[in-house]
Amino acid sequence: MQYEYTQAMLLVLLFCQPRRVLVLGLGGGSLVTALHRIIPGIHITAVELRASVIEVAYRYFQMPRAKRLQVIQQDADSFLLSGETRKVDVLFADLYHATGVDEVQLRADFIARCAETLKADGWLVLNCWNEHREDAVLREALRQHFVDIRTVLTSSRNWVILAGKAQDWHTTSALKEEAFHLSSALGFPLTRHLARVRALGE
């Protein structure tokens with residue numbers, strides 16, 4: 001798994017053990033592949049607008065074809081609006097186009113729809129850029145719907161947001177221990193990204 005921001009997004013596994021996840025924006029499929037590989041029995045729905053991206057993920061990045069993985073070609077926000085998915089434990093949003101982050105991902109109504117799609121103790125994971133750290137609309141929307149909001153700024157200047165609907169009470173030492181164990185399964189040092197985690201506003 002080569003992208004640092006994708007690795008940082010998987011920090012959410014320290015806070016929950018998801019059985020059902022929704023991935024908005026497929027990319028090369030590395031996030032989906034990692035989740036499918038390390039979590040037995042997980043159900044994954046991935047939504048991607050572009051058919052060519054889906055084809056590339058299967059053909060060149062070895063994304064699995066599996067019964068527990070459903071890939072849907074559709075606009076991500078339209079999918080949320082349709083209400084056609086069951087509530088999920090984790091929702092990953094990584095919506096990009098040729099010029100950067102899709103602006104829908106920064107909107108208050110999109111954040112609200114994501115929160116509605118999550119279970120009562122669910123987590124939203126957003127991949128944004130460093131420039132979005134000062135986005136007042138995004139910050140307020142997150143605070144309106146989530147009580148435990150943590151962020152990671154990667155060396156590639158991606159700003160990854162982990163937002164929980166319920167407060168997580170794991171101690172720092174417990175998180176470090178879990179990160180150490182998960183690192184072996186994932187094949188990269190998750191502990192490195194954990195050291196960069198900050199509360200929103202720090």
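Ile39 is found in the loop that runs between helix α2 (30-38) and strand β2; helices (H or I, at least four residues) and strands (E, at least two) are DSSP runs, numbered from the N terminus. The model is a predicted one, in which local features need pLDDT of at least 70 and side-chain atom pairs count only at pLDDT 80 or more, while totals for chains, interfaces and linings use all residues. Residues are numbered from 1 along each chain as its sequence is written, and side-chain values use heavy atoms, with hydrogens and water left out.

Ile39 has a relative accessible area of 11% and is therefore buried. Buried means under 20% relative accessible area, exposed means over 50%, and partly exposed lies in between (1.4 Å probe, protein chains only). Not counting residues up to four places away in sequence, Ile39 touches Leu13, Pro18 and Arg68, where contact means heavy atoms within 4.5 Å. From Ile39 to Leu91 there are 52 residues in sequence and 15 Å in space, C-alpha to C-alpha.

**Helix α3**

Which residues of helix α3 (residues 51-60) are buried? They are Val53, Ile54, Ala57 and Tyr58. Seen down the axis of α3, these buried residues fall within an arc of 130 degrees, so they line one face of the helix. The arc is that of the directions from the helix axis to the C-beta atoms. An α-helix has 3.6 residues a turn, so residues three or four places apart point the same way. The buried residues of α3 pack against β2 (43-48) and β3 (69-73), whereas the face turned away from the buried side carries the exposed residues Arg59 and Tyr60.

Tyr60 also belongs to a nonpolar surface patch with Val56 and Phe61, and together they have about 300 Å² of accessible area. Such patches are made of residues with over 30% relative accessible area and no salt bridge; like charges are joined within 9 Å, and nonpolar side chains (Val, Leu, Ile, Met, Phe, Trp, Tyr) within 5 Å. Accessible areas come from the Shrake-Rupley method with a 1.4 Å probe, and for residues only the protein chains shown count as cover. Val56 is part of helix α3 and counts as partly exposed at 33% relative accessibility. Just after α3, Gln62 takes a positive phi of about 55 degrees.

**Salt bridges**

Side chains of opposite charge can pair when their charged atoms come close. A salt bridge is a side-chain nitrogen of Lys or Arg within 4 Å of a carboxyl oxygen of Asp or Glu, and by this rule the count comes to eleven salt bridges. The table lists some of them.

| Residue | Partner | N to O distance |
|---|---|---|
| Glu55 | Arg59 | 3.1 Å |
| Arg107 | Asp77 | 3.3 Å |
| Arg150 | Asp148 | 2.8 Å |

Glu55 and Arg59 both lie in helix α3, four residues apart, which is about one turn of the helix. Glu55 is partly exposed at 42% relative accessibility, and Arg59 is exposed at 52%.

Arg107 lies in the loop between β6 (100-101) and α5 (108-117) and Asp77 in helix α4 (residues 76-82), so this pair ties together parts that are 30 residues apart in sequence. Arg107 is partly exposed, with a relative accessible area of 36%, but Asp77 is buried, at 10%. Salt bridges that share partners join Asp77, Arg107, Asp109 and Arg113 into one network. In the pair of Arg150 and Asp148, both residues are buried.

**Helix α6**

Helix α6 (residues 136-145) has Leu138, Arg139, Ala141 and Leu142 as buried residues. Seen down the axis of α6, they fall within an arc of 165 degrees, so they line one face of the helix. Ala136 and Gln144 are exposed on the other side of α6. The buried residues pack against α5, β7 (118-129), β8 (148-153) and β9 (158-164). At the N-terminal end, Asp135 caps α6, with a side-chain oxygen 3.1 Å from the backbone nitrogen of Val137.

**Glu4 in helix α1**

Glu4 is placed in helix α1 (residues 4-9). Is Glu4 buried or exposed? Glu4 is buried, with a relative accessible area of 13%. The side chains of Glu4 and Arg196 are joined by a polar contact of 2.6 Å. A polar contact is a pair of N or O atoms within 3.5 Å; within protein, one must be able to donate a hydrogen and the other to accept it, and residues adjacent in sequence count only if both atoms are side-chain atoms. Leaving aside residues up to four places away in sequence, Glu4 touches Thr154, Ser155, Ser156, His193 and Arg196.
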